[in-house]
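Subject: Structure for you to look through

Hello,

Here is the structure I said I would pass on. Please open it beside this message and follow along.

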Amino acid sequence: MLKILIRFLFIFIVYQGSASAQSDTSLIKTYLKTLTKTPQFRNHTNIDQLNLTADYIKTIFEKSSDSVSVQEYDVDQKIYKNIICSFGTENKKRIIVGAHYDVCGDQEGADDNASGIVGLIELSRLLKGKKLNYRIDLVAYTLEEPPYFRTEFMGSYIHAKSLKESKAEVFGMISLEMIAYFKDETKSQSYPLGILSVKYGNKGNYITLVKKFGSGEFVNQFSKNFKASKSILTKTFASPTSLPGIDFSDHLNYWKFDYDAMMITDTSFYRNKNYHQKTDTMETLDISRMSKVIDGVYNGLISFNP
């Protein structure tokens with residue numbers, strides 16, 4: 001009987017370990033510091049700093065994958081770069097996970113969007129050497145922020161368009177947009193419509209999976225996978241695209257090319273009042289809960305079966 005119990009416990013421990021990633025908070029802090037504490041701010045006018053940031057992301061990606069590429073494009077005679085890190089390239093059907101590394105104006109942009117980029121970097125470490133059922137492309141975009149937001153110069157537009165032109169088989173896309181700001185106080189969470197607080201509450205203590213009405217198989221299944229991991233308090237938000245904020249990130253460009261796409265977010269300015277301000281620093285972030293978001297994304301990705 002004792003042997004049976006010991007065997008059961010061993011299987012349980014192994015199963016638990018395989019079902020949950022353990023993002024490294026020490027590494028997360030190191031990456032955030034490197035990305036935010038730079039000589040210049042990572043905005044479109046500081047092209048040298050953007051390129052240094054792109055090179056840094058590429059260097060880290062190369063520690064986890066032999067398939068890392070740079071997608072360059074020209075805007076006003078300046079070269080901007082998307083950095084792409086791929087896993088499971090033997091699979092035809094692919095999943096895109098993206099985040100932007102540029103900031104709006106002269107600020108560090110810790111939550112917006114160094115947090116999303118660090119999410120990609122940690123995912124690259126967790127995915128290293130894993131047997132996957134889908135190809136996964138981690139894409140670090142440039143030029144998400146104004147003055148290029150909603151233009152064809154956004155890095156995510158360039159990337160989505162290239163997928164469509166090459167007839168790539170895309171299962172779906174996830175945008176990591178601000179994943180590190182959490183508050184447990186009452187009235188720390190607001191909404192585009194006040195009535196939504198009745199359903200979602202007024203505490204900014206959860207991560208949000210944002211999707212549009214009529215989302216497809218990928219978005220719906222990933223959302224189930226993410227929530228099933230129980231890594232962090234999670235709420236799913238579905239609405240028409242006309243609701244303010246639902247398309248305020250790189251996933252909007254994949255919608256334009258009819259790809260199934262969604263956003264993972266701490267709800268941006270509906271919670272984090274440091275949004276696009278000089279006060280958006282890494283000292284304001286909740287590293288522990290940020291790591292749980294990354295764990296949820298990882299578990300959501302590896303749970304897919306064709």
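A nonpolar core is a set of buried Ala, Val, Leu, Ile, Met, Phe, Trp, Tyr and Cys residues joined through side-chain atoms within 4.5 Å. Buried means under 20% relative accessible area, exposed means over 50%, and partly exposed is in between (1.4 Å probe, protein chains only).

The model is predicted: local features need pLDDT of at least 70, side-chain atom pairs count only at pLDDT 80 or more, and totals for chains, interfaces and linings use all residues. Residues are numbered from 1 along each chain as its sequence is written, and side-chain values use heavy atoms, with hydrogens and water left out.

The cores

The largest nonpolar core has 63 residues, and Val 97, Leu 138, Phe 222 and Ile 264 have the most contacts inside it. Helix 4 (residues 110-127) gives this core its largest share, 9 residues. Helices (H or I, at least four residues) and strands (E, at least two) are DSSP runs, numbered from the N terminus. Another core lies apart from the largest one; it has 19 residues, including Ala 168, Val 170, Met 173 and Trp 255.

What does Leu 138 touch, not counting residues up to four places away in sequence? Its contacts (heavy atoms within 4.5 Å) are Phe 61, Ile 83, Ile 84, Cys 85, Phe 87, Val 97, Leu 120, Leu 123, Ser 124 and Leu 127.

An open sheet is formed by 8 strands in the order 1-2-4-3-5-8-6-7, with mixed pairing. Two strands count as paired if DSSP finds at least two bridges between them. Strand 1 and strand 7 (234-239) are at the edges with a single partner strand each, so one side of each has no neighbour in the sheet. From one strand to the next, the twist averages 20°. For such angles, axes are lines fitted to C-alpha atoms, for helices over the stretch in contact, and the values run from 0 to 180 degrees between N-to-C directions.

As background, strands of a sheet pair through backbone hydrogen bonds, either parallel or antiparallel. Strand 1 (residues 68-75) pairs with strand 2 in the antiparallel sense over 8 bridges. These two strands form a hairpin with 2 residues between them, and Asp 76 in the turn has a positive phi of about 50°. Gln 77, in the loop between strand 1 and strand 2, also has a positive phi, about 65°, although it is not a glycine. Gln 77 is exposed, with a relative accessible area of 77%.

Strand 2 and strand 4 (residues 135-141) run antiparallel and are joined by 5 bridges.

Is strand 2 largely enclosed or open? Of the 10 residues in strand 2 (residues 78-87), 8 are buried, so this strand is largely enclosed by the rest of the structure. Ile 83 belongs to strand 2 and is buried, with a relative accessible area of 1%.

The helices

Helix 4 lies across strand 2, strand 3 (94-100), strand 4 and strand 5 (170-176), and runs at about 140° to strand 3. The axes of helix 3 (residues 47-61) and helix 4 come within 9 Å and cross at roughly 20°. Angles under 35 degrees count as roughly parallel, over 145 as roughly antiparallel, 65 to 115 as roughly perpendicular and the rest as oblique; helix 3 and helix 4 are therefore roughly parallel to each other. Ile 57, Ile 60 and Phe 61 in helix 3 meet Ile 117, Leu 120, Ile 121 and Ser 124 in helix 4.

Backbone details

Two cis peptide bonds can be checked. One runs from Asp 112 to Asn 113, with omega near 5°, and Asn 113 is in helix 4. Another joins Pro 146 and Pro 147, with omega about 10°; Pro 147 is in the loop between strand 4 and helix 5 (155-165).

Regards
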